[in-house]
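Have the viewer open and follow along.

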Amino acid sequence: MTRLSFRPCRWLAALALAAALPAAATADVDLPPVDQVFVLSASATAHDRVDVRWQIAKGYYLYRHRTSVKTDPGFANATLALPSGDKHRDEFFGDVETYRGQLIGTLSGQPAATATSVRLTVKYQGCADAGVCYPPQTRTLTVALPAADDAAPGLGFAKKSGGLFGLGDPAGAVNAAPLPPEQAFGSEVIALDGNTLLLRLTPANGYYLYRDKLSANLVAADGLSAALPAHAQMPKASAFKDEHFGQVQVYFTQVEIPLVVNRSTPRAANGNLIVGLQGCQTEGICYAPMTRTLAVHVPAGEINPPLRKKDSVPKALAGDTAPAAPLPPAVPPTSRKGGVIAPTLATADAARSAPPQHPIPSLLPALLLALLGGLILNLMPCVLPVLSLKVLSLAQSGASRQTARRHALAYTAGVLASFAALGGLILALRSGGIENWISWGFQLQFPRMVAVLGLLMFMLGLSLSGMWYASIRISGRADALAQGSGVRADFFTGVLAVVLSTPCTAPFMGAALAYAFVAPTLAAMLVFLTLGLGLALPFLLIAFVPALARLLPKPGAWMETLKQLLAFPMYATAAWLVWVLAQQRGADAAGLWMGAAILLALAAWAWTHARQHARRWPLVLAVLALATTAWPLYTIGTLPKPMSTHVQGELAVAYTEPRLAELRTQGRVVFVNITADWCVSCKANEKAVFARDRFRAALKAADAAYMIGDHTNIDPAITAYLHRYGAVGLPLYVVYPRGGGEGKVLPVLLTPGIVEDALREAAR
């Protein structure tokens, strides 16, 4: 009788799960944009002197010898003075000086007496402590110069007449020198009570803030969160014709925005409100988008705050003095049910405080949805290659009910252990305050993890093809399947099924996972384990219900042929994973993977040869080949990310928050598709819906813009968008109606009719 044990594959399955667990800490995480790490600005401290500043993020540094500033001819004899840096021996440049934290260089020269500005060409280069360097950077700044007898500073930002973020023509400069950003746009946050924060923004006279560029996010311990209300609930803004963004809403005077604090605990906590904003000087410069970190102490509050009447004003705002801007209707509070915060509307027509989300159930409904979602996950294409192995194993067990039960229980244990490990990782990251980039299937955003899974599927395919004899045994004994090695193989088959299931999101899983991502620890773990139980349920039923077990075919010679045929789904899965890897890190990554696959095949052959012929040299060769695979796997993670291959141009534009806001300001219908190359459900929808002429016709009929967000690699902006809509995995489809209003979230699995109806409704 043919018997599958996969004993030499166990280390590969364990490696696959292990690679998923520390994924958050690997070096595959892309470096942030250089302008976020080295924040450049410049200001004139005198008519003949300019300070050039770099604010340097923690864990990064600038090279002194790679830093220089040149001026236009109107600022003659310019000399840049830099302070002494930290001296050390650099592996790239030898003896160098570097700067951390902040660098201020003083530029002295002889400007013309009538000069009102100077254009700077700034060059610099820096690196991360992780050992990765940015390429040399060049930036151009235009700095307003005070009069020869005036020391008022002017910040180095672009003139509005020449562009939004730099390189503007100084001609037409206003007489008033721009204020530093902190003076131009004041900001503060006040805790009105344990359930309400007040964000106060104060543009200086002659300045304004864009309403649609505002954002806020409370980062605090103990499960506290807060964000801006929806546009419909924001304080009233002034309509303004902006030369860059068209017709926009802006604040010319102080605005006060109440923020509802969502709680999972009544305790007081310290935190930071991260505020994003952008504004301009009237008839002057536009400032680059900026971020403020405002410390706040949030006193103790209620987990379930009482409902407020519409348009009510928090007590702390009541008084004789009217606020500077009309207060919006109160954000609908939240209710605590089943251990998780669930939205509660005060009235039927109350506006939402956040974009529409998947309904978050209480514990018992979440468990039911998790069981159904795990059960349906068996039908998703992600899991089918591994499940085919399990079907073969159960068919082999047909002669012994006890053996079949043992195998089914071992498989279930592997599934549950894996879901518990993934759930524990998510909960650990959540408690560490870095859950905002986590989503279902996040481990496949790491190229090394994708490479390991591809190698695992390739090796299983070789095993089923009969080329890896150490993993296949032929035994005529009826009791051979009862040996422990087969049970261990079933356990790791369960592990592999879970790891491969994460690219798919089955129906009912969205709401269950949304609950698990915010629920208390015990409730969240119950949801993850119930998902695993649903995935393993068909095999448990076959093993423990005799009527179902009798439906399986009897063991026989046909099983050897089936076993060999099942190798081809394994090869197909490996090929798909290599394609994903090429999308993430280019053709070089695919070439390195092929080298690793050859080394593993050599190791498998040598291992088999050593066991069959009892020789030592093949065993040494197997160990050397296996160890050498570490080099291509490591190198894959260091390769740069290629340009996105998703469709651009006439049909689609890349998703960015500013571009989405611009299209919505223009009154367009917008269809947002958040996808990834590793998302199997996404690819199925692309073939069934988005690649068809019907979809193009529907877009044209609705005059709709089509935006694609590529989440193949980690993208914090896209992850934030997913979290805004309560999506815990991919895909996410949102259709925004013409003329404003919140977007409508479409189902995970689409049909052409669903998309056409949504676009038609949004265009009304």
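A quick term before the tour: a residue is called buried if its relative accessible area is under 20%, exposed if over 50%, and partly exposed in between (1.4 Å probe, protein chains only). Keep in mind that this is a predicted model, where local features need pLDDT of at least 70 and side-chain atom pairs count only at pLDDT 80 or more, while totals for chains, interfaces and linings use all residues. Residues are numbered from 1 along each chain as its sequence is written, and side-chain values use heavy atoms, with hydrogens and water left out.

**Disulfides**

How many disulfides does the rule give? Taking a disulfide as a pair of cysteine sulfur atoms within 2.5 Å, the count comes to three. Here they are with their S to S distances and S-S torsions.

| Pair | S to S | Torsion about S-S |
|---|---|---|
| Cys 127 and Cys 133 | 2.0 Å | about 95 degrees |
| Cys 280 and Cys 286 | 2.0 Å | 85 degrees |
| Cys 679 and Cys 682 | 2.2 Å | 80 degrees |

The link of Cys 127 and Cys 133 is right-handed because its torsion is about 95 degrees. The Cys 280 and Cys 286 link is right-handed too, and so is the one between Cys 679 and Cys 682.

Now for their surroundings. Cys 679 is buried, at 0% relative accessible area, and Cys 682 also comes out buried at 0%. Both Cys 280 and Cys 286 are buried.

**Cores**

A nonpolar core here is a set of buried Ala, Val, Leu, Ile, Met, Phe, Trp, Tyr and Cys residues joined through side-chain atoms within 4.5 Å. The largest one holds 59 residues, and Trp 593, Val 672, Ile 674 and Tyr 721 have the most contacts inside it. Helix H13 gives the most to this core, with 15 residues; helices (H or I, at least four residues) and strands (E, at least two) are DSSP runs numbered from the N terminus. Apart from that core lies another of 32 residues, including Phe 185, Ala 204, Leu 214 and Ile 257.

Contact means heavy atoms within 4.5 Å. Leaving out residues up to four places away in sequence, Tyr 721 touches several residues, among them Tyr 655, Leu 660, Val 672, Ile 674 and Tyr 736.

Helix H15 covers residues 630-638, and its buried residues are Pro 632, Leu 633, Thr 635, Ile 636 and Gly 637. Which helices do the buried residues of H15 pack against? They pack against H7 (447-464), H13 (567-613) and H14 (617-628).

Elsewhere, Leu 145 sits in the loop between strand E12 (137-144) and helix H3 (181-184). Its relative accessibility is 9%, so Leu 145 counts as buried. The C-alpha atoms of Leu 145 and Ala 46 are separated by 7.2 Å, with the two 99 residues apart along the chain. Not counting residues up to four places away in sequence, Leu 145 touches residues including Ala 44, Ala 46, Phe 75, Pro 111 and Val 118.
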